[in-house]
Amino acid sequence: MDLQPISGVPALIAQSAKVVAVFSVVMLVVAYTTLAERRVSAFIQDRLGPNRVGPFGLLQPIADGIKNIFKEETFPATASRFFFALGPMLTIMPAVVTIAVIPFAAPLPTPWGVVDMIVADVPIGILYILALSSVGVYGVVLGGWASNNKYAFLGGLRASAQMVSYEVALGLSLIAVLMLGGNVTLTEIVRQQQAMGLWFALPLSLAFILFVIAAFAETNRLPFDMPEAESELITGYHTEYSAMKFSMFMIGEYAHMLTASALMATLFFGGWDLPGSWDDAFWYQGQLIRGFDAAGVPIAAAPAVWKTLLTLGAFAFKTGFFLLLYIWIRWTLPRFRYDQVMQLGWKVMLPTALAYIVVVAGTVLVLDLVGVPYGFAFGLVLTLVSALCTGAFLFALDRGRIITGAAAVGEQKLLAARRRGGLELAPGSAAGAEIASAAVVDAGD
Amino acid sequence: MAVSVKVMRRPEPERTSYLRAALSGMALTFRHMVNPHKVTQQYPEEQTQLSPRWRGTHRMEVHADGRPKCVACGLCPTVCPANCIRLVGGEDDQGNRYPIVYEIDEFRCVFCGMCQEVCPVEAIHVGRHFENAEYTRERFVYDLDRLMAQEHPTTLLWDPSDPLSE
């Protein structure tokens with residue numbers, strides 16, 4: 001079989017087909033994620049959820065779409081019309097286009113050449129995603145500000161503060177990935193995970209945890225949905241929006257979720273990779289190969305349609321898992337208080353990410369000096385180091401000192417003051433609990 | 001009677017942990033996600049089991065020859081607290097009284113069941129039925145023919161000598 005990359009007119013057709021296919025799949029997945037969210041939340045709360053439109057409610061997203069198209073568009077009298085209309089556009093656009101740089105399957109062989117299963121393999125990969133997903137917050141801020149509504153305004157302000165705080169941790173948690181991947185293109189990062197034989201979630205477990213937390217904050221999902229905060233701000237930045245503009249904010253949110261889930265799958269769970277090296281395929285000096293033998297001679301890859309389909313399924317499964325995780329967490333955890341969000345972002349995530357970069361860089365340096373080649377053993381050592389870091393991080397979080405309720409903080413200070421005054425508290429004893437509860441009453445006074 | 005106070009004891013701050021609480025919460029929601037306690041009744045497909053004493057849409061009992069059992073004594077419009085029954089009585093050649101007009105406004109009705117209790121010939125009844133939605137208000141005024149055409153089971157009245165229906 002001809003293992004040359006596709007070129008000429010067939011390449012143009014293949015490219016157009018990929019763009020259309022990926023865009024429609026994104027829209028479809030977004031629509032059905034909204035349904036999944038409603039159904040899963042219903043199951044979690046022992047309800048049934050929307051199950052009337054079509055079998056199992058499968059036509060519900062279409063009904064929602066029709067409803068939103070035919071609803072009245074309202075413009076608040078005092079809103080700034082231009083920015084009010086610009087907000088939803090700025091939210092939906094970056095969320096949809098970022099998916100373009102994520103590889104979603106193994107290369108597909110065709111009679112005209114091999115087609116890479118990625119819409120745009122741009123050389124700036126992750127930077128493109130970070131840059132564009134930051135544009136998304138402008139939509140939220142502009143929409144909130146232009147509405148001329150105090151709740152929308154507060155939502156927009158919170159969105160900007162939260163984005164600034166968590167963008168830093170998100171970027172820093174990616175540094176560790178880039179150090180192992182050695183490149184910012186996502187195809188290269190997938191390839192490096194194949195070469196190591198370990199998905200980066202293991203050798204970079206702490207980076208993975210930080211990335212997941214930061215991504216939740218970036219997509220404004222619970223427990224970080226400060227900009228929306230139904231119980232505090234009505235619906236925050238999109239309070240004044242109706243009909244399709246509201247729908248665009250929603251599509252933007254879910255598309256952002258999809259992109260973030262696909263990124264987690266790609267950066268930390270090998271993207272479309274499946275265990276074993278049978279499906280590996282990447283370009284090396286114009287040839288499609290699946291690795292090097294002991295002598296460093298490239299081994300030609302054997303792309304096949306069934307391999308492409310299987311890896312596409314693997315990618316869809318991984319992404320779907322993270323989408324489900326988003327929904328699952330949303331319906332479990334309560335919203336953080338605003339100061340807690342800031343505290344977690346600046347006092348926990350940022351220092352941890354910085355320290356972790358130093359640890360990973362140091363480990364990689366030592367391994368290079370010792371002469372361990374990049375591969376499975378290399379990954380195992382990193383896994384061990386990262387496991388220690390993750391353990392320490394979780395232990396520190398688990399001490400309950402970092403995120404506590406306001407009452408607990410006051411109580412803590414009071415107990416500390418009483419201890420200084422010579423109070424003895426036997427941990428777990430009835431007397432200790434008695435005094436502690438008395439302390440609570442005192443704090444209330 | 002002493003007022004009891006329930007003291008909710010907060011865990012000591014040294015022992016509180018956001019992380020473990022979050023994980024146990026996730027486990028709980030996961031159990032419900034994969035195995036929801038199905039308590040919802042899918043109403044139009046699954047019918048509600050109405051109590052024998054359910055008081056709903058009225059019906060008028062009829063004789064075997066198709067005449068209403070009502071003798072137009074006028075007790076039900078008198079006792080009706082919502083004043084929703086309109087009755088105009090008449091008398092035939094043999095001196096039998098019968099209703100010329102008998103209308104019940106189901107919108108005004110409070111479904112107390114006193115018309116059924118007071119009826120000396122057990123003609124008017126409230127019934128075990130509630131699905132009487134209509135498109136216009138006028139349709140909620142049931143005339144005699146419509147009341148006689150109802151087929152749902154009638155309500156079992158509460159018996160003071162057997163208060164628990166044993």
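Which residues does B:Tyr102 touch, not counting residues up to four places away in sequence? The first legend takes up this question; every view shows a predicted model.

Figure 1. Leaving out residues up to four places away in sequence, B:Tyr102 touches B:Cys70, B:Leu87, B:Leu144 and B:Leu147. B:Gly89 lies 13 residues away along the chain. The C-alpha atoms of B:Gly89 and B:Tyr102 are separated by 8.4 Å.

**Figure 2. The largest nonpolar core and a second, separate one.** The largest nonpolar core holds 109 residues. Within this core, A:Leu204, A:Leu210, A:Ala214, A:Leu258 and A:Met264 touch the most other members. Helix H9 of chain A, residues 243-268, gives the most to the core, contributing 14 residues. The second core is separate and has 18 residues. Among its members are B:Cys80, B:Cys84, B:Tyr102 and B:Cys115. In soluble globular proteins, nonpolar side chains tend to be buried together.

**Figure 3. Contacts of A:Leu210.** A:Leu210 is one of the residues that touch the most other members of the largest nonpolar core. Neighbours within four places in sequence are left aside here. The contacts are then with A:Ala169, A:Ser173, A:Met349, A:Thr352 and A:Ala353.

**Figure 4. Helix H12 of chain A and what covers its buried residues.** H12 spans residues 376-398, 23 residues in total. From its first C-alpha to its last, this helix reaches 32 Å. That is close to the 33 Å expected at 1.5 Å a residue. The buried residues of H12(A) are A:Phe378, A:Gly379, A:Leu382, A:Val385, A:Ser386, A:Cys389 and A:Leu397. An α-helix has 3.6 residues a turn, so residues three or four places apart point the same way.

**Figure 5. Chain A and its two assigned domains.** Domain 1 covers residues 8-403, and domain 2 covers residues 413-444. Their C-alpha centres lie 45 Å apart. The secondary structure of chain A amounts to 14 helices and 5 strands. The radius of gyration of chain A is 25 Å, close to the 22 Å that the globule rule gives for 445 residues, so chain A is as compact as a globular protein of that length. Its C-alpha atoms fill a box of roughly 80 × 65 × 40 Å along the principal axes. Of the 445 residues in chain A, 42% count as buried. Take the contacts in chain A between residues at least 6 apart in sequence: 77% join residues at least 24 apart.

**Figure 6. Chain B, with 4 helices and 5 strands.** Along the sequence, the pattern of chain B is α-β-α-β-β-α-β-β-α. The radius of gyration of chain B is 27 Å, whereas a compact globule of 166 residues would have one near 15 Å. The C-alpha atoms of chain B fill a box of roughly 95 × 45 × 35 Å, taken along the principal axes. Of the 166 residues in chain B, 22% count as buried. Among contacts in chain B between residues at least 6 apart in sequence, 74% link residues at least 24 apart.

How values were computed. Residues are numbered from 1 along each chain as its sequence is written. Chains are lettered from A and ligands numbered from 1 in the order in which they are written. This is a predicted model: local features need pLDDT of at least 70, side-chain atom pairs count only at pLDDT 80 or more; totals for chains, interfaces and linings use all residues. A nonpolar core is a set of buried Ala, Val, Leu, Ile, Met, Phe, Trp, Tyr and Cys residues joined through C-beta atoms within 7 Å. A residue is buried if 20 or more other C-beta atoms lie within 10 Å of its own, exposed if 12 or fewer, and partly exposed in between; C-beta atoms are placed from the backbone. Helices (H or I, at least four residues) and strands (E, at least two) are DSSP runs, numbered from the N terminus. Two residues are in contact if their C-beta atoms, placed from the backbone, lie within 7 Å. The expected span of a helix is 1.5 Å times one less than its number of residues. Domain bounds come from an automatic or database domain assignment. The radius of gyration is taken over C-alpha atoms; the globule rule is 2.2 Å times the number of residues to the power 0.38.
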